[in-house]
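Open the structure in your viewer and keep the selection tool at hand. The stops below go from the whole chain to single atoms.

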Amino acid sequence: MRLSQLLFSQGFGTRRECEGLALSGEVRIAGRVVDDPDEEVDEQGLSFQVGRTTWPYREKALIILNKPAGYECSLKPKAWPGVQSLLPPPLRRRGLQPVGRLDQDTTGLLLMTDDGQLLHKLTSPKHKVPKVYDATTKHPFSVADCEKLLKGVVLDDDPAPVFADAAELLDEQHLRLTLIQGKYHQVKRMIAACSNRCEALNRISFGPWTLPEDLPQGAWVWADPH
Ligand code: URA
């Protein structure tokens with residue numbers, strides 16, 4: 001692939017801007033400045049540097065963002081800044097979208113991708129992707145409450161009960177829940193169905209992807225497609 005085409009595919013600007021970026025001498029491959037926009041580069045397994053930042057070539061981008069509170073997952077955020085604003089310009093230009101939604105005040109693992117097929121697969125109820133949440137409750141939560149969530153509780157918008165796939169008490173006011181479904185405010189409403197209140201919610205995994213323990217809130221890492 002031509003260098004300027006590679007930069008374009010990775011979100012570094014318009015075709016013209018990418019030519020200019022190559023000509024500027026800011027792009028290096030294996031330590032060598034590549035300043036000919038027409039130079040052919042092998043993109044497979046490639047890492048390249050733009051300025052001081054190293055980028056892997058990814059045909060499709062998939063990242064894990066550690067979402068902080070105070071950000072909306074919607075594509076047209078209204079009351080809070082959008083999670084896209086936490087990404088560097090190349091990823092923003094690639095139009096990465098959140099895989100499912102977390103509430104404004106929920107923290108933790110948010111996958112984002114520009115791969116439409118993967119997005120569909122991971123969010124379709126047919127694929128039954130498990131998500132694990134750590135919740136802090138206002139009042140003590142009991143083993144009996146966990147059992148209630150495993151048996152199923154009825155929420156206000158649907159007579160069919162919703163279930164936790166796993167529910168584990170971490171301590172008196174912390175529980176770990178695994179859900180397959182993804183209804184609006186589901187964890188908060190399930191906890192409310194136990195006459196309690198969810199005070200904080202953090203997602204620690206989504207399907208095979210786990211939130212890296214050392215990833216600060218607001219930061220992101222590339223995720224491997226599984
Ligand atoms: N359940 C909720 O209540 N909120 C979230 O953000 C995710 C799951």
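What follows is a short tour of a predicted model.

**Stop 1: the domains.** Colour the chain by its domain assignment, which gives domain 1 (3-56), domain 2 (62-125 + 209-222) and domain 3 (130-206). Now find the centres of domain 1 and domain 3, taken over C-alpha atoms: they are 47 Å apart.

**Stop 2: the ligand.** Select the ligand and show the protein surface. The ligand sits in the largest pocket.

**Stop 3: the shell.** Which residues are around the ligand? Select Leu-102, Asp-103, Thr-106, Tyr-133, His-185, Gln-186, Val-187, Lys-188 and Leu-201. By residue type, this shell around the ligand has four nonpolar, three polar and two charged members. Keep the domain colours on: domain 2 (62-125 + 209-222) and domain 3 (130-206) each supply at least three residues of the shell. Next, select helix α6 (residues 186-192), which gives the largest share of the shell, three residues.

**Stop 4: polar atoms.** Show the side chain of Asp-103. One of the polar atoms in this side chain lies 2.7 Å from a nitrogen atom of the ligand. Then turn to the backbone. At Val-187, a polar backbone atom is 3.1 Å from a nitrogen atom of the ligand. At Gln-186, a polar backbone atom is 3.4 Å from an oxygen atom of the ligand.

**Stop 5: the cover.** How much of the ligand's accessible area does the protein cover? On its own the ligand has 240 Å² of accessible area, and the protein covers 95% of that.

Note on methods:
Residues are numbered from 1 along each chain as its sequence is written. This is a predicted model: local features need pLDDT of at least 70, side-chain atom pairs count only at pLDDT 80 or more; totals for chains, interfaces and linings use all residues. Side-chain values use heavy atoms; hydrogens and water are left out. A residue is near a molecule or strand if one of its heavy atoms lies within 4 Å of it. A polar contact is a pair of N or O atoms within 3.5 Å; within protein, one must be able to donate a hydrogen and the other to accept it, and residues adjacent in sequence count only if both atoms are side-chain atoms. Accessible areas come from the Shrake-Rupley method with a 1.4 Å probe; for residues, only the protein chains shown count as cover. On a 1 Å grid over the protein atoms alone, a cavity is a set of points where a 1.4 Å probe fits but cannot get out, and a pocket is an open set with protein on both sides within 12 Å along at least five of seven lines; lining residues have an atom within 4 Å of a point. A molecule sits in a cavity or pocket if more than half of its atoms lie within 2 Å of its grid points. Helices (H or I, at least four residues) and strands (E, at least two) are DSSP runs, numbered from the N terminus. Ala, Val, Leu, Ile, Met, Phe, Trp, Tyr, Cys and Pro count as nonpolar, Asp, Glu, Lys and Arg as charged, and the others, Gly among them, as polar. Domain bounds come from an automatic or database domain assignment.
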